Each structure stands twice: as C-alpha cells, then as structure tokens.
Amino acid sequence: MLKTFAKGGVHPPENKFSANRPIEVLSLPAKVTIPVSQHIGAPATIVVSKGDKVKVGQLIAQGAGFVSANIHSSVSGTVESIEPVLDSSGYKRPAITIAVEGDEWEPTIDRSPELKRHIDADAQTIIKKIAEAGIVGLGGATFPSHVKLSVPAGKKADVLIINGVECEPYLTSDHRLMLEKGHELMVGIQLLMRALNVDKALVGIENNKPDAIKYLSEIAKEYPGITAHALKVKYPQGGEKQLIKALINREVPSGGLPIDIGAVVHNVGTAYAVYEAVQKNKPLFERVVTVTGKNLPKPSNFLVRIGTPVSELIAAAGGLPDDTAKVVNGGPMMGKAVTDITVPVTKGTSGIIVFPAAESKRKAESVCIRCAKCVSACPMGLEPYLLIRMSQRMMFDKMEHERVLDCMECGSCSFECPANLPLLDYIRLGKTEVNKIIRARKN
Amino acid sequence: MDSKLVVSPSPHVHSGESTRRLMFNVVLALMPAFAVSLYYFGIGALFVTLLSILSCVLFEYLIQKFILKVQPTITDGSAIVTGLLFAFNVPSNLPWYIVVTGSLFAIGVAKMSFGGLGSNPFNPALAARVFMLISFPVQMTSWPLPIESRLKYIDAVTGPTPLAILKEGLKKGDTISQIADQIPSHLQLFMGVMGGSLGEISALALLIGFAWLLYKKVITWRIPISIFATIFVFTGILWLINPEQNADPIFHLVTGGVMIGAIYMATDYVTSPMHPKGMLIFGLGIGLLTVIIRVWGAYPEGVSFAILIMNAFVPLINRYVKPKRFGEEVKRNG
Amino acid sequence: MNSIIITAVLVLSLLGVALAIVLYLVAQKFKVIEDPRIDLVEAVLPGANCGGCGYPGCRGFAEAFVKTDDIGSLFCPVGGNDTMAKAAEVLGQTVEAKDPMIAVVRCSGSPELRKRVVEYDGASSCKLATALYSGDTGCQYGCLGLGDCVAVCKFDAIHIDPVTLLPVVDEEKCTACGACVKACPKFIIELRKKGPKGKRIFVSCINKDKGGPARKACQVACIGCGKCVKVCPHDAITLENNLAYIDYNKCKLCRKCVEECPTGAILEINFPPRKQKVEGQAMNVESN
C-alpha cells in the first residue's frame, strides 16, 4: 500500500503526453519581456534604463525588501523599453523589454557541464546566494525561496521535503528534470539541507513516474540523508500540506506554515536552481516548461529563457492547432487561462497547455443535488456546497467561521461536482471578502 | 485560430460526472431487482412500474412547465428514479389510480412544493408510499404471492409477508419455532421467494445493484452498511436474549424493505447527510428505529418510517456533525 | 360536572393572573430606556434599509441622527430633501437642501464600439472576473457587464441592456443610495448631481491609457486629448492620467465639451435635441 494523504483528493485523467520527451533547449527569441513581479511579494525595483546593454545573468531589477526577489536578464542585448505590458491576466504590469543580440553571459557564471559535488559554502552563504540568484518556488507558487529557508527564531526544521509529485495532469517538466538532472538535483537538495541544518530529506514522487522513482532511489544511495519515496497517485498531493501529511504524517495546523511542524518543502525545480545558483553561480533566468495539449502536434519539454513569449513555445511544439480555444499557463487544475498568447514565460510558468474548443467551455450548471462529492473531494475537510451558498448570499462572516481561508484553491470540488457548479469560483470570491473583513478588523 | 480565447477560472478540467449519469447508474443498479420482480410477479410488476415512472415524469413535466413556469428538467432522470422506487415499494397488484395518486404526491407534494430536486427534505418515493399506506391501508398491504401471480394483476393471489406472519404469530402467543414452518427458509428469503413490495423481495438482486453503485462511486458504503450493522447487532442481542420471542438477525436483514431501503432510499443524496460521520449517525438511527418499530410497534415493517423520521434529522446532523478539518487536531494539541 | 367546570375556570384564571404578573415584572426589569425621538425619526425615513446613508438600516440612521450635533453631516439619499426636512423637524431643527444625486455609469463600450477579444466562462460575478483577468475587451477599465450592480440594487433601478451589455440606470427609481457604486469592482459607477430637470453632462469613460491604446480598445474611449479642458469656459474639466473629469459642481451645462470631444466620450443627458448638424451625435453614441 503506497503512502498518500488521508483526506479527500481526486484522480483526474493524467494526459502526460510529453513524459517521454527529453528537455530541449529552445532557441533564443528576438525579444524578451521580463515582468518585474514574477513572485509573491513586492515587485522588484528596476536598476537598468532604456538603451542599456545587458548580459545574460545581469541583475536588471533588485528585490524590494525581504519578501521579494531579484530579477536577472535572460538574454544579452539592449533594453528596448521599460513600460507596462500585458500579463497573462490581461492587466498591464511593469516590465523590461530587451532586444536580443548574441548570447553573451556574465563571466562569473560557470558554464561547464561537469557536476560539482563538493560543497564548500556554509548555511549563510547558501541562503545569500539563493537570494542573489532570485530563486522562487518553481512549482508555481513563486514564493521567494530564501524566505522559506530563513527559519524564524524559536522554530526549528528537522526535515526537508522535496516535491517531485507533479500531481497536476499534463505537466512533465519536473519529471524530466528528475530523470535528466538527477545528480545536480541531489547536490541541490544537499545544499538546501545544509542551509536548513537538517540531516534528512525525503523526495516524494507519485507512482506514475516509476522511472524517476527508480533512478532517484538508486543515486540517492550516494547522498547520505536523502531518500526517494513512491506515493499513490492522487491530486492534490503536490500541495505542501498534503505532501507533508503523505510523507511524514504530520498535519500543518490551520492557518500555520510547514515550519510550525518542523518541515520545509521545496520543489525539485527549485532544488535544481539552487544547485546552479550556488555551485555554478548562475542566477535564475531560465526554466523547464512543458508545452502540451491533446491536439498539439509535438508536446515537448523546453528549457526556456524567462521572458520568451508563450507563442514561441507553442510554435516550437508544432504550432497552435486550429481548434484551440483556451491556453492555460500552469496545470489544468490550478493554472490560469491566458487572454493573449504573446504573454511572456515567467519564473512560475511550469507548463503551457493548449485546450481544444470541445474542452474549453464549462458545461451548463444544474441544481445542487447534495451528493456530497465535494465534501469527500476536499483535501482540507471543508464543505464546498455550504461555502458556495454562503458566498452567493454574501454571508462572508459565516464563511470565515467555516474556515474558508484553509482552502488552497486546488479545484477538486469543482472538478467532481456533477451539477457543474462553479464551487471554487464562489469560494475564491468568499476568500477575498473574508480577507477584507480580517484586514478591516485589524485596522 | 480565429475564435476568441476562452478565459475561465481554474480548474480547467472536469470529471465528466453529471446528475443524469448518476441517476442513470441508480436505474441500472435497480435492474436486477426489477428482473427478479418480473420473474415472480409478472405483468403486475411490469404494469405498476411503467405506470409509476410514466406518471412521475409526466407530473414533473406538467408542474414545471405550467405551474412553476420553468424549463422542465425531466431529462436529469430524477423523476425516473422516484417513479421506479415508488413502484418498487408497493405491491404489484396495486390499482392504477393509487399508483397515479402516489406519483402525484411524490412529485407534486414531496418534491416540487419544497423547491424541486435538491431541496426536498423527505425522500419523495417514501413519502408517497407512507401517504398511500395511510390512505389505502387495504390495497397497500395485500401482497401477491410470488410465481402464482405471474399472469395476474388486480386478481393476484395474495398472502402475508414473512414479517406479518411473524408479528401475527407472536401476537397470538406462538413462539418462533412454532411460526418457523410458515416462513420460507433463509435462502429462499435471500433469493426473494416471499410476498412483499414488488422491488424489495430479492436481497441478492439488490446487493448486486449495491456492488454496482459502489463500483461506480455513486454512493459510499457508509449509510447502507451502518444500517445493516445496527439492525444485525440490535436484533442479534434481542435474539440471544430470547430466541423464542425474537427472530434471528439474518431474518431481519433479508425480509421486508431493509435492503431496498438501506441501499436505495436512505442513500438518496438530497435527503441524507453530507458528511461521513453524519452518514454513520443517520444509518445508526434508521437501524434502531426500524428494529424498534418491527419488534414493539404496531406495523410489521418499519423501514420507511425509520428513513422518513431520520430524513427530518438530516439538517440537524449536517449542522452539528462537521467533517474533520485538515490541521484541526494538531492545533488543539499544540 | 359543575365542579369540573368551576375548577377549570379557576385554574386557568389563576394561571392567567400569575403569568400576567410575571410578564409585568420581566417587562419592568428589562425595560430599555430609549430616546422616543428615535422612533419618530425612523417613522419619517423611507424604511428601505439600504445602507446608503452609511448606517446599518434606517433605525441605525435614526439613532445617529438623534445623537449627532451636526445633523447637516447626515443625509438619507433615498428620502432626499423632503425626508431630511421632516426628520429635522422632529428635532426642532432645519437642514439645508442638498442637490439630488443619481448613479451614473461611466462606460459606453457596447460590443459594437468596444470589440470583445476573449470570452469569459465562469461564475457571473464582476468581482470574481476582475480578480481573474482584465476583462473580455482590450480595455482593462471598462464594464464587464456581469451585473454585480444589478444584484445589489434594492430599488430595481439598474439593469443590463441586452444590446449594449452595459448597465442602464432607471432615473425614476434610482435613489442614489450608492450600493452599486460600492459593488462595482471597476469603480465605473459614480454618484453625480442629477441636475436641473435631470440635465447632466459627464465623461462616460474611465480609461487611463494613452490615446492610442485607449482608442484601439474602444471607439468611444476618452483619449485624454484635452480639447474639452480648453473649450470649457467654467474651468470644470480636469485632465489626469489621460482621463478627463467634469466637476459637476462647476459645470454650467453649456455643452461645449460635448461638441468638442472627438470620440463622443462625453455624454449629455435629458437635453432637447440640437438643431445644428451635430444633432443627436452625443446622445446617440452608436452613430459616431
């Protein structure tokens, strides 16, 4: 019996079309657009100006404060403009547009392919380098990694959990990374262990990636303290709280953080970026992105420079199919539908999914038949059927009582609902309103 | 690509489950029991079932179209399920006008007057059955005998149900062993060779349907199993105390409406609790009430009443029995 | 037989008397002493409990009204000046009359004038859609047409026009309670002076983009050209962030700006039709 989390969860069709396609390096675009807010926290402050020449890996925007992240140029060339551009939700946000000229890297970056296993940095240096490199959670949450590694006073981490679950259907970027960069990943995990001063790291991988489990378990023997664990396939196992529950059977308290129970969770992509930042001096300016879809000619995994337009990725994967009606940035359960395919790839872009028209629109709603499928699907033990009613009736104070803020918006309830009710839509609305109420109370 | 991109909030995929498919699976799960019923009760069963389904669907359509003036939703299949279940809960020789009146009550009063599918507090089919039982006590309790009545409808040969035999016998002061020879064997009861409502007789056929519903994840095990367990334990204790005054637990499980009630009526989504723990409490209540009515009550059978009574407690159960939230225990301890 | 009747009558009478005493004592003990004027003020209020005054219901307003030193600072938008005068009378004071207001929808981007570029498929809530994305047109400021304003209106005074897909305020029914203003996540609706005989002029756009993108997204957008500012003889128009705004306290309804606006973003309402060549241009934005 494989381990998994106890409560709720669903099993959407996996559709991992690109699982067997090795990571390809995408050719450089003519122009990149790098938004200054690609992470949770304050937008970075721009430190270049129009007309400046920049190199690959050069700092172009400085993190503003502790919860923020540095942003580096992903290409070499000239800063063409510093103006708001459309982000994936259609709003205009400040960004730096750079016209690409050649591919000249900062000389400090070690571009050699050799594995550098020896770690000489101490905990403080590692965290400092991670902050300098602008690393954020690459699973999609984009929380600045150095913040997560700086354990607050009075708390102590005793275990590091590495998220190789990739529970979202379609996505395969983490899977490929584990298969192709296993040793680099392991060194990255060791760096994170040293930064946190823990001697145990567990890598959780869902059982639909047997090759990755086998490979990582094999090489983990060379790295003391690291073990790989197969988990039963169940969405949303990649959620921090669910993964901790599945691997070490501890429950993060409501409203709390994993560190409250001594755990820190990082994504495999993040661990790889940490290796590159600390051992190779390479800031985060490229990432692996899965480009996939049922009718896409060539579903692929690309190593992409941040700021590359999504349309270029789709073109490299065979071009947009004629029947496309929706393009999603991220996984199908939690990703965001984009309003325009020219939006840039950001640090949080784990995948681009192209949906045919037949699967793009929701089916007609009918009435709630109180089947309780949403209650059994909710991994947080909430009652979506009740929350949607409260939200529609604007009973937001009661929603707070029903712990709506515990919702992590995994979408399991909407996925299961036989009446096609927009459960999560209204729960989100409720969360926003409850947060407003709480803020008003504090003031 | 000429068409506009669609923007919608996540999730972007759906399980494909729909109300219609759930209802269809319930109908499918009832088919083995229907086949058994056709085999034992013949044309009477066929006629009553078809009439009941037809009138339920028709009444739903008419009420939605002409009284509520909304788009009729008969295609969701809930009226078919109600019609089927109502037919399964009445004798196969029930006159047509009682079937039609019952259907009208089920759809018009028990379902639509509360706001239609999703809002009715009581199971429509059961509410109709109980209402008819009170209104037409004679017709509703004349049970055709299996096989002999195959080619008959109103003129079917009738006889008492095993539960009625038991109740009468005990009332006269007989002991179980004295009554035993009038009652079919346990195996016969399990297969359905007894008088009773047209769909409730064969425990085997109903359990096959149960397996199908579990396999298709239409229902969970909680309500049926908790009812079975409660009835088994409660009647088991009574039987151990005095086997001459109380029938054995297996007898109680396979007779009357326990199977159909526990698997198909108590699990009705709309009228059962939303939370795992609540479902167990609900099942426990039904089990206890059923045995109490059967052993000490005036009626030989009590499943319908037990379910209806517990239906009334569902809002209360939903309010006070909450699912365990993630991270709750830890917070209390820490 | 008689004794039974007598006993029953006696018992019930005693019971009645005993309970009456209990009720009286309880009423005395839990008596709440309240300013009787609150009831009087509440009686003259409209009783809509809309919250437009900023207090929870008419009772809340009445309490505040009786307590406050400066009754001029409070206003019941639903009842208007008549109600306020009556309420002031209760306290033996007078209040200055205020100009009647009305909710104004500052967006004219019908599907014809403002092309839809994406399609929204989610719960029908402007608030939710705003959190998700900028809107189904190229204009990130414009109306989404999902009707949050319609849902909150207690007076049935605002409706989505089926052709323009924009909210239309019913002048007769609108009480200027401001509920729609608060509900609109795009801040499109504004309370403005209703004007003499309902005549009013306003910029029906809140797009802060530069002229080019604004015009590209919507034919009737304010492009921030500033022509209206120059032509206004009363200094009533200001231009900020590429957007013109007319101060309704300064506007003398001369309509010069309406004629000057190159995109027809300035609307005039309830004016008689013009005799010159520009007849109906501003009123009928579709013809632009």
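I began with T130(C), which is buried, its relative accessible area being 16%. The cut-off for buried is under 20%, so T130(C) at 16% falls in that class. I note here that the model is a predicted one.

**T130(C), continued.** I placed T130(C) in helix α5 of chain C, which runs over residues 126–132. I then looked at what its side chain reaches. A polar atom of the T130(C) side chain lies 2.6 Å from the backbone oxygen of C126(C). Setting aside residues up to four places away in sequence, I listed Y91(A), L144(C), P185(C) and K186(C) as the residues that T130(C) touches.

**Chain C overall.** I counted ten helices and nine strands in chain C. What is the radius of gyration of chain C? I read 27 Å, whereas a compact globule of 288 residues would have a value near 19 Å. The C-alpha trace of chain C spans about 100 × 50 × 35 Å along its principal axes. I also noted that 42% of the 288 residues of chain C count as buried. For contacts in chain C between residues at least 6 apart in sequence, I found that 57% join residues at least 24 apart.

**Chain A against chain C.** I went on to the contact between these two chains. It takes 17 residues from chain A and 19 residues from chain C. The buried area is about 1,400 Å², and carbon and sulfur atoms give 53% of it. How many salt bridges are there between chain A and chain C? I got three. I looked at one of the pairs, K92(A) with D209(C), which forms a salt bridge with its closest N and O atoms 3.6 Å apart. On the side of chain A that touches chain C, helix α13 of chain A (residues 423–442) gives the most, with six residues. I sorted that side by class and had five nonpolar, four polar and eight charged residues.

**Chain A against chain B.** Which residues of chain A lose the most area to chain B? I found E251(A), I369(A) and R370(A), which together make up 16% of what that side buries.

I counted five salt bridges between chain A and chain B. For R325(B) and E402(A), which form a salt bridge, I read 2.8 Å between the closest N and O atoms. The polar contacts between chain A and chain B come to 23 residue pairs, both residues at pLDDT 80 or more.

**S360(A).** I wanted a residue with contacts in several chains. S360(A) lies in the loop between β17 (351–356) and α9 of chain A. Is S360(A) buried or exposed? I found S360(A) buried, with a relative accessible area of 1%. Its side chain reaches the backbone oxygen of P356(A) at 2.9 Å. Not counting residues up to four places away in sequence, S360(A) touches A325(A), K326(A), F355(A), V6(B) and D121(C).

**A29(B).** A29(B) sits in helix α1 of chain B, residues 19–41, and is buried with a relative accessible area of 1%. Which residues does A29(B) contact, leaving aside neighbours within four places in sequence? I listed G209(B), W212(B), L213(B) and Y264(B). I also took the C-alpha to C-alpha distance from A29(B) to F190(B), which is 18 Å for a pair 161 residues apart in sequence.

Terms used. Residues are numbered from 1 along each chain as its sequence is written. Chains are lettered from A and ligands numbered from 1 in the order in which they are written. This is a predicted model: local features need pLDDT of at least 70, side-chain atom pairs count only at pLDDT 80 or more; totals for chains, interfaces and linings use all residues. Side-chain values use heavy atoms; hydrogens and water are left out. Contact means heavy atoms within 4.5 Å. Buried area is the accessible area (1.4 Å probe) that two parts lose on being put together, summed over both. A salt bridge is a side-chain nitrogen of Lys or Arg within 4 Å of a carboxyl oxygen of Asp or Glu. Helices (H or I, at least four residues) and strands (E, at least two) are DSSP runs, numbered from the N terminus. Ala, Val, Leu, Ile, Met, Phe, Trp, Tyr, Cys and Pro count as nonpolar, Asp, Glu, Lys and Arg as charged, and the others, Gly among them, as polar. A polar contact is a pair of N or O atoms within 3.5 Å; within protein, one must be able to donate a hydrogen and the other to accept it, and residues adjacent in sequence count only if both atoms are side-chain atoms. Buried means under 20% relative accessible area, exposed over 50%, partly exposed in between (1.4 Å probe, protein chains only). The radius of gyration is taken over C-alpha atoms; the globule rule is 2.2 Å times the number of residues to the power 0.38.
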